Amino acid sequence: EKKQSLKSISLKVLVVNGSNRQKSNSAILTEKAIEELTKYENTEIRSLEFYNKNYGRFDNRKDIDEWIENWEWADTIIFLLPNYTVGVPGTFYEAL
């Protein structure tokens, strides 16, 4: 069986910046990941940032719907999260 090269595969990638801060190391890595992914012709890319969202709050249905829509759309999800000693950021944890 002949294998397909990565160039011939269509891929939908969701890149998630899970940091609570707008100008964080996770934001820098998010930009770099998107920059690298744009080099592949058949790749669609969407990104989400958690610093201005309330995914874990039930009163903000619009943000929750956006998260669900993008989660279902993606073939692949890349999470870029700060590394805390107690785990992931609270907003990210609540969204899951």
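## Close-up views of a predicted model

**View 1. A bridge between β1 and β3.** In strand β3, isoleucine 77 is the bridge partner of leucine 14. This view, like the others, comes from a predicted model. Strands β1 and β3 run parallel. Five bridges join β1 to β3.

**View 2. The whole chain, element by element.** The protein has three helices and three strands. Starting at the N terminus, the order of elements is β-α-β-α-β-α. The protein has 96 residues, and 31% of them count as buried. Now take the contacts between residues at least 6 apart in sequence: 70% of them join residues at least 24 apart.

**View 3. The open sheet.** In what order do the three strands lie in the sheet? The order is β2-β1-β3. The sheet is open, and its pairing is parallel. Strands β2 (43–49) and β3 (76–80) form the edges. Each edge strand pairs on one side only. On average, neighbouring strands of this sheet are turned by 20 degrees against each other, direction ignored.

**View 4. The pairing of β1 with β2.** Strand β1 covers residues 11–17. How many bridges link β1 and β2? There are seven, and the two strands pair in the parallel sense. Follow some partners along the pair. Valine 13 has isoleucine 45 of β2 as its bridge partner. Valine 16 has leucine 48 of β2 as its bridge partner. Strand β1 is mostly covered, with five of its seven residues buried.

**View 5. Helix α1 on the sheet.** Which strands does helix α1 touch? Helix α1, residues 25–37, packs on the sheet and touches β1, β2 and β3. The direction of α1 makes about 165 degrees with that of β1. Together, β1, α1 and β2 form a β-α-β unit, and this unit is right-handed.

**View 6. Helix α2 on the sheet.** Helix α2, residues 61–73, also packs on the sheet. It touches β1, β2 and β3. The direction of α2 makes about 155 degrees with that of β2. Check the length of α2 next. At 1.5 Å a residue, its 13 residues should span 18 Å. The end C-alpha atoms of α2 are 18 Å apart, so the two values agree.

**View 7. The buried residues of α2.** Which residues of α2 are buried? They are Asp63, Ile64, Trp67, Asn70 and Trp73. Look at how these positions are spaced along the helix. An α-helix has 3.6 residues a turn, so residues three or four places apart point the same way.

View 8. Asparagine 70 sits in helix α2. Is asparagine 70 buried or exposed? Its relative accessibility is 7%. Buried means under 20%, so asparagine 70 counts as buried. Which residues does asparagine 70 contact, leaving aside its neighbours within four places in sequence? They are Leu14, Arg46 and Leu48. Leu14 is the residue bridged to isoleucine 77 of β3. Leu48 is the bridge partner of valine 16.

**View 9. Asparagine 42 in its loop.** Asparagine 42 lies in the loop between α1 and β2. The relative accessible area of asparagine 42 is 33%. That value falls between the cut-offs of 20% and 50%, so asparagine 42 is partly exposed. Isoleucine 9 is 33 residues away from asparagine 42 along the chain. Yet the C-alpha atoms of these two residues are separated by 6.5 Å.

How values were computed: Residues are numbered from 1 along each chain as its sequence is written. This is a predicted model: local features need pLDDT of at least 70, side-chain atom pairs count only at pLDDT 80 or more; totals for chains, interfaces and linings use all residues. Side-chain values use heavy atoms; hydrogens and water are left out. Two strands pair if DSSP finds at least two bridges between them. Helices (H or I, at least four residues) and strands (E, at least two) are DSSP runs, numbered from the N terminus. Axes are lines fitted to C-alpha atoms, for helices over the stretch in contact, and angles run from 0 to 180 degrees between N-to-C directions. Contact means heavy atoms within 4.5 Å. Buried means under 20% relative accessible area, exposed over 50%, partly exposed in between (1.4 Å probe, protein chains only). The expected span of a helix is 1.5 Å times one less than its number of residues. A crossover is right-handed if, with the strands pointing away from the viewer, the path from the first strand over the helix to the second runs clockwise.
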